[in-house]
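Dear colleague,

Please find below the structure that I am handing over to you. My notes on what was found in it follow directly after.

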Amino acid sequence: MSFSKKDNAVTAAARTLPILDLGRFASDHPEREQALAELRDVSRTLGFFYLTGHGIPQRRIDDLSELARRFFSLPEEQKLEIEMRKSPHFRGYNRAGFEYTRGKQDWREQVDFGPERRRLEIGPGDPPWKRLFGPNQFPSALPHMRAAVLEWIEEVTAVGLKVLQAFSEALGQSPDVFAPIYANGPNQLLKIVRYPGRDQTESDQGVGAHKDGGFVTILLQDVIGGLQVDDGEGGWIDAPPIRGTFVVNVGELLELASNGYLKANIHRVVTPPAGGDRLSIPFFLGANLAATIPVLDLPPALLAEVRGVTQDPLNPLFREVGRNVLKSRLRSHPDVAREHHADLLDGR
């Protein structure tokens, strides 16, 4: 791996993401300290890496990918049975072009799932983010999809929490430093996504350039590439699929908690060429919606390298988790916002 002299950053010339083994972060592993140093380095520079040693069998990965293919192969009317516009909780299916990033249409069809929770009664003075609590929608044509999706959310949440604990220790904290703000129910979002190919004379925006808002994202890719990571020098690093791995990236909550020591990096997805498609299954792990993100007390050596949180006037960051998540959903899904949350739109 090559490093720049300026701040030990992974150089753009490498044009690849490093591969980290989750098993090396175990308390009894002889390479643990070296692994934590590598995690600090890549998460301070690129903010992205491939993860091996996660413990989810390849059979489970293949089964979920096959289920995703079966869902997207359904006739449109069967997919629209669970159209997201029917859910005030932003759960369900969207046709291509119905989600937006920074005001521009993303060219992907997808279905969104979260933990199964009962819908809350919202009273006067209750925070608006309570509207996000509620049940999923599942297609009647695939009755086994409910169990498969909820089991996957449970499995990948366990992986995400192990990664989060490694980040905590890499920052000189106890492994459970974030437990108070996720233990009573972390924010979990699973997206099963298909990027249809289209002519490159049209927009190539599968998903526009953005950062992720949670603690970490755990991404399962199929066999077609398209994910690109900002190299910090005006270019993009391709992150092609590697069988058996996840792509993991730092979310804005970790950037907030570390006061910018860790980097939530910009990334995008480029649409595949006409005649093909790309399958992607990202999982976003965040804090409890009622939580407020603290600023960690970093060790002096790390504190000296704090850069402060990146500020985007077009996308303000809030330390109140529920406020941040609701803002993101309202902006990304304007049809759902108009249908169920019109009273919030002026203040989003």
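Of the contacts in the chain with a separation of 6 or more, 76% are between residues 24 or more positions apart. Please keep in mind that this is a predicted model.

**The chain as a whole**

The chain contains eight helices and 14 strands. Its radius of gyration is 20 Å, close to the 20 Å that the globule rule gives for 348 residues, so the chain is as compact as a globular protein of that length. The C-alpha trace spans about 55 × 50 × 40 Å along its principal axes.

Buried residues account for 54% of the 348 residues. The accessible surface amounts to about 15400 Å², and carbon and sulfur atoms contribute 50% of that area.

**Strand β9**

I would ask you to look next at strand β9, which covers residues 216-221. This strand is mostly covered, and six of its six residues are buried. In a regular strand, the side chains alternate between the two faces of the sheet. In β9, V216, I218 and L220 point one way, while T217, L219 and Q221 point the other way. Residues on both sides of β9 are buried.

Which strands pair with β9? One is β12 (residues 246-250), which runs antiparallel to β9 and is joined to it by four bridges. Within this pairing, I218 has V248 of β12 as its bridge partner. Another is β14 (residues 277-285), which also pairs with β9 in the antiparallel sense, over six bridges. Here the bridge partner of T217 is F284 in β14.

**Two residues with positive phi**

Two loop residues also deserve a look. F90 is not a glycine, yet it has a positive phi of about 65 degrees. F90 is located in the loop between α3 (76-80) and β3 (92-94). Is F90 buried or exposed? Its relative accessibility is 0%, and residues under 20% count as buried, so F90 is buried.

N259 is likewise not a glycine and has a positive phi, of about 55 degrees. N259 sits in the loop between α5 (252-257) and β13 (267-270). With a relative accessible area of 32%, N259 is partly exposed, because that class lies between the 20% and 50% cut-offs.

With kind regards

Methods:
Residues are numbered from 1 along each chain as its sequence is written. This is a predicted model: local features need pLDDT of at least 70, side-chain atom pairs count only at pLDDT 80 or more; totals for chains, interfaces and linings use all residues. Side-chain values use heavy atoms; hydrogens and water are left out. The radius of gyration is taken over C-alpha atoms; the globule rule is 2.2 Å times the number of residues to the power 0.38. Buried means under 20% relative accessible area, exposed over 50%, partly exposed in between (1.4 Å probe, protein chains only). Contact means heavy atoms within 4.5 Å. Accessible areas come from the Shrake-Rupley method with a 1.4 Å probe; for residues, only the protein chains shown count as cover. Two strands pair if DSSP finds at least two bridges between them.
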